[in-house]
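Reader: I am new to this structure. Please show me how to read it, one feature at a time.

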Amino acid sequence: MTIMKKLLTTAVASAMMVGSAQAEISNDTVKIGYLADMSGTYRDLAGPNGLKALEMAIADFGGTVNGAKIEVVSADDRNNPDSSSSTVRRWLENEDVDMVAGLVASSVTIAVTKLLQENDSLGIVSGSAASSITNEHCTPNHIHYVYDTYPLANGTAKAVVQEGGKEWFILTADYAFGHALEGDVTKVVEENGGKVIKTARHPFPTSDFSSYILQAQSSGADVVALANAGSDTTNAITTAGEFGLTQSGQTLAALLLFLTDVHALGVNSAQGIQLTTGWYWDLNEETRAWSDRFMEATGVRPTMVHAGIYSSTMQYLNAVKATGSDDAQTVRKQMMDTPINDMFATNGKIREDGRMVHDMYLAEVKTPEESENEWDLYKIVRTIPADEAYRPLSESKCSLVSSN
Amino acid sequence: MTMILGVPVAVLFGQLLLGIINGAFYALLSLGLAVIFGLLKIINFAHGAMYMMGAMATVIMFDALGINYWVALFVAPVIVGCFGMLIEYFLLRRIAGQDHIYSLLLTFGVALMIQGILTNIYGVSGMRYSMPDLFQGGFKLDFMYLPYYRAWVIFMALVVCFGTWFMIEKTKLGAYLRAGTEDAQLMQGFGINVPLLISLTYGFGVMLAAFAGVLAAPIYSVNPVMGSNILIVVFAVVVIGGMGSIAGAIITGLLMGVIEGLTKTFYPEFSSAVIFLVMVIVLLIRPSGLFGKEA
């Protein structure tokens, strides 16, 4: 009986939603829910400053859209898919949230996008890395905006193999993101004539990496690749330095490093490390100008995720404005039809699988001599064009891709 | 080359040595917990936060005042130890004699607050701290490269562990301490200031945690959440060793370091769980822990 009742109410409710969704903004409010790690390992790459970036975008947009007010709610994901799912469920079902922004840990994102699909709402993923988010886990209800593991592998791993690093040891964080990155890297290494001779999967988080560094040293590999993130990566790099990994002729490749990680390591420890990034604050006039404003508000330079949150929120609000609707599918379609040209991307494009493709950059951490201040950290080695950087649609396993 | 289960013996030696080094950290941290529990019956969930404060104090003192590692090695534990005594005096004293769960919840709350405040100020990415120049480089052993600093860690940890054990079990001060917590009224009658003794004991336990924090500063990412990651493991070590057993905490710490190190070599995915597996087995067979006195 209760099940019948539930089914009926859901049916009626969804019928009403479809009816009212055509071209208006529900409740005369556009409500954005910001979900990110606000206190744990991934706090600094998105976190409270990501919320600032989101609020900057809303303020720059003017605070209202077609007369409707824009509201923001936020929550700490605690890197926990279960508690995050209940937060987002509450947002979508009881609090009329129209769009979920932020979205950092890949495991959280994959859980949340399923809910977004059930409720036909929209999510814009800025923090997560797993490329599976727009591959086997794609939904018509989310967009993956800043970067993913495919260009990370494609940028850094390709460059390192081409410089002669043929035999690889991969140290992987043992969860969705690490596995995705390990898979993408292995593919790139093998395609370019290299070989992965050993992988070790460490629990997340780990503070002592000496045991793994020793395994890497004794493996005889040319390259030791770190398929992890945040303090796991900085801890591993520090330990590699202490155990003289690079002095003994091995190359250290960090596959995902954020500006905040490099800042924490300092140029002394991090110099020479090659990394792939979706954006850097010191690329050009426009990025510098925006990052100066961000720094005024937060005291730090923005990561690519902060910039992506600002840019994607702007794109979202523009799409709501243009269509006069906050219906997920209407807005998503409008966003797909509009090329992205702003401080974040040039000719960025949202594909049918939800992947926003844009140019990526292969960067190298500056030496202490080159670095002029604490945030002057990268020199850009090469721009990786968008269509070369991301997984081509022809290889996609996403059910939304028309060829599938 | 001789192999054991597909791993060269030389590599295995290296892993054993690293296990002992990590075990020395566990020993140092669980020692403080064991002192606090054994003598004061307080379950100190703020221990991880105190370890973190030791490391953070080292970095902050260096950044702000240029205080070097050697000075920090003494000063940081003293500062954090004094902070611990304040917590004892203003908070823990008020719940003395209550069930253990009160001290557990109180110290857990304190830890979360300290961690939250520092996260707000410093973020979680970690702070830079360079290795003292003296420790740059390492020994080239046959089977591995041993950085000087790791050798220093194991040396210092063992000295402090042994010193603490000796002081509590073999000296007059230790006897006062043990007697004071056993029968406070009688000791008061002998003219011993028991409340001060309790404050000092808590402060000393906290100092041990902060000392481990200073040792960790040059090799681990120093950030406000570093203590919460290690705390649960250290508690497991104390439980395995036998709550309150000082020698038990030290020996079990070293043992667990080695077991964890070997797991990292043969089955890394399981390395964060192996200590808890040992804990379950030990509790089933010896509920009071390996070295615990029967309750």
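Author: This is a predicted model. Start with two strands of chain A: β7(A) and strand β9 (residues 223-227) run parallel and are joined by five bridges. Within that pair, Ile170(A) stands opposite Ala225(A) of β9(A).

Reader: Which strand does β7(A) pair with over seven bridges?

Author: That partner is strand β8 (residues 195-202) of chain A, and the pairing is again in the parallel sense. Here Leu171(A) faces Ala200(A) in β8(A).

Reader: Through which helix does the chain cross from β7(A) to β8(A)?

Author: The path goes through helix α6 (residues 176-191) of chain A, giving a β-α-β crossover that is right-handed.

Reader: How many residues of strand β7(A) are buried?

Author: Six of the seven residues in β7(A), which covers residues 167-173, are buried, and the strand is mostly covered.

Reader: How do I read the directions of side chains along a strand?

Author: In a regular strand, side chains alternate between the two faces of the sheet. Strand β11 (residues 274-277) of chain A is a case to look at: Gln274(A) and Thr276(A) point one way, while Leu275(A) and Thr277(A) point the other way.

Reader: Are those four residues of β11(A) buried or exposed?

Author: All of them are buried. β11(A) also pairs with strand β14 (residues 360-365) of chain A, in the antiparallel sense and over four bridges. In that pairing, Leu362(A) of β14(A) is the bridge partner of Thr276(A).

Reader: Let us turn to chain B. How many helices and strands are there in chain B?

Author: Chain B has eleven helices and four strands. Its radius of gyration is 19 Å, close to the 19 Å that the globule rule gives for 295 residues, so chain B is as compact as a globular protein of that length. The C-alpha trace of chain B spans about 65 × 50 × 35 Å along its principal axes. Of the 295 residues in chain B, 52% are buried.

Reader: How do I read the place where the two chains meet?

Author: The size of an interface is often given as the accessible area lost when the parts come together.

Conventions:
Residues are numbered from 1 along each chain as its sequence is written. Chains are lettered from A and ligands numbered from 1 in the order in which they are written. This is a predicted model: local features need pLDDT of at least 70, side-chain atom pairs count only at pLDDT 80 or more; totals for chains, interfaces and linings use all residues. The radius of gyration is taken over C-alpha atoms; the globule rule is 2.2 Å times the number of residues to the power 0.38. A residue is buried if 20 or more other C-beta atoms lie within 10 Å of its own, exposed if 12 or fewer, and partly exposed in between; C-beta atoms are placed from the backbone. Two strands pair if DSSP finds at least two bridges between them. A crossover is right-handed if, with the strands pointing away from the viewer, the path from the first strand over the helix to the second runs clockwise.
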